[in-house]
Amino acid sequence: MKRVRQYIGILAALVVYYLIHEGAHLLHALIHGVFKQVNFMALGVQIDVFRDQMTDAQLGWFCLAGPIATFVAAWIMVLLSKRIRPAQINASKLFLACCWYTSIVLLLLDPLYLSVIYRFVGGGDMNGIKLLIPEIAAAIVFGIIFVLHIVVLWKVLLPRYQRAFSTASNNSSPRK
């Protein structure tokens, strides 16, 4: 059952990530009237725009919209994690697993991608972000965010979720 919870938690985290990240791109494109289509690709979803109708600044902000949205959502989850008390909210282990993996994905995926991985896969959002600030500066900033988020995961979220899972286990064990 633990393995099933992990797989469902990871799948839920990826769905939430795409909804937030690509949703922010979509919202930006719709607001500026440049939405073209949604592309479904092997590893996910991509919002396509009419680039010729955008200034460099608009494209830069379009590309930053996704990472900013995931950053904000991640920190909302970090702040709300103080309130996780399975005994009081009757949180299931499945719910906790979904929250845990979603926190990991939202905190780490964009900073890791935009500090290192983008160089090996065509650039993605960095292609637009570098229209606003120098690429190396953006990569360094996202690298620092990545390291800080690892510290937050390790020092803040991991203990909270360990306590929550422990409490959930104790609440679900049969009573004698």
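This is a predicted model: local features need pLDDT of at least 70, side-chain atom pairs count only at pLDDT 80 or more; totals for chains, interfaces and linings use all residues.
Colleague: What makes up the protein, going from the N terminus?

Modeller: You'll find six helices and two strands, in the order α-β-β-α-α-α-α-α. Helices (H or I, at least four residues) and strands (E, at least two) are DSSP runs, numbered from the N terminus. The C-alpha trace spans about 70 × 30 × 25 Å along its principal axes.

Colleague: What makes β1 and β2 a pair?

Modeller: Two strands pair if DSSP finds at least two bridges between them. Strand β1 (residues 35-41) and strand β2 (residues 44-49) are joined by six bridges, so they pass that test, and they run antiparallel. A hairpin of two residues links β1 to β2, and Gln 37 sits opposite Asp 48 in β2.

Colleague: How do you describe the packing of α1 on α2?

Modeller: With an angle and a distance: two packed helices are described by the angle between their axes and the distance between the axes. The axes are lines fitted to C-alpha atoms, for helices over the stretch in contact, and angles run from 0 to 180 degrees between N-to-C directions. Helix α1 (residues 2-31) and helix α2 (residues 56-80) come out at about 145 degrees, with axes 8 Å apart. Residues of α1 in that contact include Tyr 17, Ile 20 and His 28, and among those of α2 are Trp 61, Phe 62 and Ala 73. Contact, by the way, means heavy atoms within 4.5 Å.

Colleague: Which classes of residue make up the contact of α1 with α2?

Modeller: There are 11 nonpolar, six polar and no charged residues. The rule is that Ala, Val, Leu, Ile, Met, Phe, Trp, Tyr, Cys and Pro count as nonpolar, Asp, Glu, Lys and Arg as charged, and the others, Gly among them, as polar.

Colleague: Is the crossing of α1 and α2 left-handed or right-handed?

Modeller: Right-handed. A crossing is left-handed if the near helix is turned anticlockwise from the far one by less than a right angle, and right-handed if clockwise. The crossing of α2 and α4, in turn, is left-handed; there the axes come within 9 Å and cross at roughly 145 degrees. In that contact Leu 106 and Asp 110 are among the α4 residues, and Ala 73 and Trp 75 among those of α2. Its residues divide into 10 nonpolar, four polar and one charged.

Colleague: Why is Ala 73 called buried?

Modeller: Buried means under 20% relative accessible area, exposed over 50%, and partly exposed in between (1.4 Å probe, protein chains only). Ala 73 is at 14%, so it counts as buried. This residue of helix α2 touches Ile 20 and Leu 106, leaving out residues up to four places away in sequence. Ala 73 and Tyr 17 are 56 residues apart in sequence, yet 9.2 Å apart in space, C-alpha to C-alpha.

Colleague: Why does His 28 count as buried?

Modeller: Its relative accessible area is 13%, which is under the cut-off, so His 28 is buried. It lies in helix α1 and, setting aside neighbours within four places in sequence, contacts Gln 58, Trp 61, Phe 62 and Ala 65.

Notes. Residues are numbered from 1 along each chain as its sequence is written. Side-chain values use heavy atoms; hydrogens and water are left out.
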